Amino acid sequence: MQSRVVAVEEGKENAVSIRTNQTKALPQRLLPLLVLFLALCVVFTVISMYTIRHFGVQNLVTSVSSSLQPCFEEPGGLEKYIKPPSNLMHNMTDEQLLWRASFVPRIKNYPFQRVPKIAFMFLTKGPLPLAPLWERFFKGHEGRYSIYVHSLPSFEAKFPSSSVFHNRQIPSQISEWGRMSMCDAERRLLANALLDMSNERFVLLSESCIPVYSFSVIYNYIRRSKYSFMGAFDDPGPFGRGRYDEHMSPDVKITDWRKGSQWFEVNRRLAISIVEDTKFYPKFEQYCRPACYVDEHYFPTMLTIEAGNMLANRSITWVDWSRGGAHPATFGGSDITENFFNRVREGHRCLYNNRNSSVCFLFARKFSPSALEPLLHIAPKVLGF
């Protein structure tokens with residue numbers, strides 16, 4: 001028993017002796033590695049100093065900082081919300097566009113300087129043959145108007161960059177006279193124009209329309225009006241109530257049924273009512289088809305129900321129906337005389353802000369391309385521009 005204890009104790013002494021020897025040998029083995037590490041540090045330091053001296057530290061900082069991206073973007077200023085789109089061509093669907101255009105500020109007072117503008121919306125098939133006359137009309141009045149053009153999707157306008165019509169086309173679709181696609185095009189124009197917060201009034205025009213007064217006269221006339229110019233009258237005959245379908249009740253009763261000119265002018269509130277409508281649109285889409293011409297009934301009826309007290313119940317676009325037929329008269333170069341415009345502008349009586357007025361029409365149609373040169377010649381003397 002004693003011999004075993006002695007053996008164990010000797011083993012302990014041997015183990016302690018071995019560990020002591022290993023501990024003494026370990027620093028001797030690490031010394032070369034330490035020297036190598038220090039040498040590498042010196043070399044790296046020398047290279048870094050050389051690089052900074054010859055290339056500068058700015059490039060290094062720039063490359064590092066450019067690779068870093070913030071976790072969030074700084075919020076934009078008010079301009080982000082009030083600045084009109086720089087490019088009218090977008091990829092929104094009609095559903096997305098109408099939804100976006102229906103946004104309404106709840107506070108009436110604007111917290112920024114704002115010049116109210118009139119949106120001139122041209123519904124065309126393609127070219128604008130009377131564009132030179134309109135160019136002259138708009139000249140010198142920048143900041144008080146906006147222009148929007150809805151043409152056939154296949155048409156590519158080629159106006160020079162100096163033209164007021166340059167890049168003013170909106171995304172469009174095919175529209176057919178007398179069908180809901182025509183109202184869709186008009187809603188599309190209104191929705192795009194509503195994206196500009198400064199547009200306060202909205203005028204629908206065709207490629208055959210012309211102004212019959214100067215810009216200042218038209219601007220002040222429209223801006224100062226308490227009412228919007230939408231024809232909306234009750235026609236008891238076959239071309240009025242005769243087009244009504246009982247399936248539209250109870251949303252649209254026959255006593256609400258109205259008829260009016262396609263060419264209208266509305267304020268911002270009514271424009272929003274038109275683009276946000278989902279109640280009356282399905283009824284007219286389904287039950288007002290030729291020989292019910294929806295562009296003559298949808299807006300007049302819907303706005304009469306929704307906001308009849310805001311309508312002047314007349315159009316400000318003059319047309320001549322005296323020749324009969326489904327379309328008004330078209331005027332060419334030989335028709336353009338001073339007496340012709342006296343007939344357009346004089347001899348009419350209407351209400352303006354509930355007072356009698358002899359100025360009833362601000363625009364006229366239909367004018368053919370051949371009328372352009374005579375119009376340009378007579379405009380300074382007769383039209384005021």
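This is a predicted model: local features need pLDDT of at least 70, side-chain atom pairs count only at pLDDT 80 or more; totals for chains, interfaces and linings use all residues.
Ile170 touches Leu88, Met89, Tyr148, Val149, His150, Arg188, Leu189 and Asn192, leaving aside residues up to four places away in sequence.

**Around Ile170**

Ile170 sits in the loop between β2 (145–150) and α6 (180–194). Its relative accessibility is 3%, so Ile170 counts as buried. One of the residues it touches is Asn192. Ile170 and Asn192 are 22 residues apart in sequence, yet their C-alpha atoms are 7.4 Å apart in space.

**Salt bridges**

How many salt bridges does the count come to? The count is nine. Three of them can be followed here, among them the pair of Arg201 and Glu265. The table gives the N to O distance for each pair.

| Pair | N to O distance |
|---|---|
| Arg201 and Glu265 | 2.6 Å |
| Asp251 and Lys283 | 3.9 Å |
| Lys381 and Glu338 | 3.4 Å |

Let's take the pairs one by one, beginning with the salt bridge between the side chains of Arg201 and Glu265. Arg201 belongs to strand β3 (residues 199–206) and Glu265 to strand β5 (residues 265–267), so this pair ties together parts that are 64 residues apart in sequence. Are these two residues buried or exposed? Arg201 counts as buried, at 5% relative accessibility, and Glu265 is buried too, with a relative accessible area of 0%.

Next comes the salt bridge in which the side chains of Asp251 and Lys283 meet, at 3.9 Å from N to O. This pair links distant parts of the chain: Asp251 is in the loop between α7 (215–223) and β5, while Lys283 is in helix α9 (residues 281–287), 32 residues apart. Asp251 is partly exposed, with a relative accessible area of 26%. Lys283, at 19% relative accessibility, counts as buried, because the cut-off for buried is under 20%.

The last pair to visit is Lys381 and Glu338, whose side chains meet in a salt bridge at 3.4 Å, N to O. Which parts of the chain does this pair tie together? Lys381 lies in helix α12 (residues 372–383) and Glu338 in helix α11 (residues 338–345), so the parts joined are 43 residues apart in sequence. Lys381 is exposed, with a relative accessible area of 68%, whereas Glu338 is partly exposed at 37%.

Notes
Residues are numbered from 1 along each chain as its sequence is written. Side-chain values use heavy atoms; hydrogens and water are left out. A salt bridge is a side-chain nitrogen of Lys or Arg within 4 Å of a carboxyl oxygen of Asp or Glu. Helices (H or I, at least four residues) and strands (E, at least two) are DSSP runs, numbered from the N terminus. Buried means under 20% relative accessible area, exposed over 50%, partly exposed in between (1.4 Å probe, protein chains only). Contact means heavy atoms within 4.5 Å.
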